[in-house]
Amino acid sequence: MRDSNEANTLSLSLEIDLLRSFVAIAQAGSLSRAAQRVARTQSALSQQMKRLEEVVDQPLLQRTGRGVVLTSPGERLLGHAQRILRAHDEAMADMAGGGLTGTLRFGCPDDYAAAFLPHLLREFAVAHPHAQVEVICEPTPRLQAQLSRHALDLALISVPEGVDDSNVIRREPLVWIGSAGLDAVLADPGQPLPLALSDPDTLDHMAACEALTRAGRAYRLAYASSNLAGLTALARSGQAFAVMTQTAVPSDLRIVTADTLPLLPSVGITVKFDRARPNHLSVAFAEHIRRTLAVL
C-alpha cells in the first residue's frame, strides 16, 4: 500500500498551461510582459506560479526591483519545461494535421539576428514543426534588393524615424560603442574620430556621419565592415568607434554617452514582404515576429 507522500506525489502533475506560463515569464523577465504574451492577467500568472511551486515543492521565481529571475530549481525546471512543451505542441500539430509546411526564405540584419533570432526560430518551430526557415543575414539595403528580386519571402528591416510609422513593430536607439583605449582621442576635439562603420547606404553609417557633421566634430572612416562581428571586433581592438543598435551591444563593450558624442536617432524595425499577396507561411511568420518583438 502506498504511503501518503507517494500518493500525493502521484496526484500532482506538471500541467501544460502552468509550464507554458512559466516559460513565458522566464523568457520575458517580468510578469507584465509575460502576461501580454500568454494573454492572461498578472494576478492569474502569479496564481499559476504559486500552483506550480506547490507541485514541485520548490521556489521557482525570485522577484527583484526590475522583474523576476529564476531560482536554481527554476533554472533546472526551465529546460524540462521547454522540452515538454516542444514535444506536446509537436504531437498536437501532428495529430490534428495542423501546423504549416514549406520553406520560408527570411532576411535579417546581423544585429537583429543576434538579439531576436533565437526566440523567433525556436518558438515558431514549436508551432510549425514541419516548416523550414532559411535565414539570410545582410544589411537592410541588401535585403530590400533581394526582396525586389523575390530572392526572399520576407525580411526584418530598419527604417528611419518618421518612415512607415504605422507598421513599425518597435524602435531601437542607435548608440556609439568603443573601448577605454580611445578616451584620449575622444577628449581631444582637434583629433578626428576614427570610425568603424557599416556600408555607406545603411542607417547607422549615415546617422553617425550626419550627427558628427552637425556637431562640427571631425572624423575619419578608419575601417568598414558589413557585418556585426567585424564591427564589434574593431571596437574591441580600441582602434575605432562603431555604431549599432543598443540591443546588439555586447556586454564587454561600453556605450559612449551623448555627453561625449552627439546623440544618434532611433531606427524602426518592421517586416517587409517580397510581394503584395504573401503566402500563408510568410504571413504566419510575420505575425509571430510582431508578437514576439512586442514583448522581448
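Is Thr-232 buried or exposed? In this predicted model, Thr-232 is buried, since its relative accessible area is 7%, and residues count as buried when that value is under 20%.

## Surroundings of Thr-232

Thr-232 lies in helix 10, which runs through residues 228-236. When residues up to four places away in sequence are left aside, Thr-232 touches Met-244, Pro-250 and Leu-253. The side chain of Thr-232 also reaches the backbone oxygen of Ala-229, at 3.0 Å.

## The chain as a whole

The secondary structure of the chain consists of 11 helices and 11 strands, and the C-alpha trace spans about 85 × 45 × 30 Å along its principal axes. Of the 296 residues, 43% count as buried.

## Helix 11

Helix 11 comprises 16 residues, 280-295, and its first and last C-alpha atoms are 23 Å apart, which is close to the 22 Å expected at 1.5 Å a residue. At the start of this helix, a side-chain oxygen of Asn-279 comes to within 3.2 Å of the backbone nitrogen of Leu-281.

The buried residues of helix 11 are Leu-281, Ser-282, Phe-285, Ala-286, His-288, Ile-289, Thr-292, Leu-293 and Val-295.

## Two loop residues with positive phi

Asp-57 sits in the loop between helix 4 (42-56) and strand 1 (61-64), and its phi is near 60°, a positive value in a residue other than glycine. Asp-57 is exposed, with a relative accessible area of 67%, and the class follows because exposed means over 50%.

His-150 belongs to the loop between helix 7 (140-148) and strand 5 (154-159), and phi of His-150 is likewise near 60°, again a positive value in a residue other than glycine. His-150 counts as partly exposed, because its relative accessibility is 36%, a value that falls between the limits of 20% and 50%.

Note on methods
Residues numbered from 1 in each chain as written. Predicted model: local features only at pLDDT ≥ 70, side-chain atom pairs only at ≥ 80, totals over all residues. Heavy atoms only, no water. Helix = DSSP H or I, 4+ residues; strand = E, 2+ residues; numbered from the N terminus. Expected span 1.5 Å × (residues − 1). Buried < 20%, exposed > 50% of the residue type's maximum accessible area, 1.4 Å probe, protein only. Polar contact = N/O pair within 3.5 Å; in protein donor to acceptor, adjacent residues only side chain to side chain. Contact = heavy atoms within 4.5 Å.
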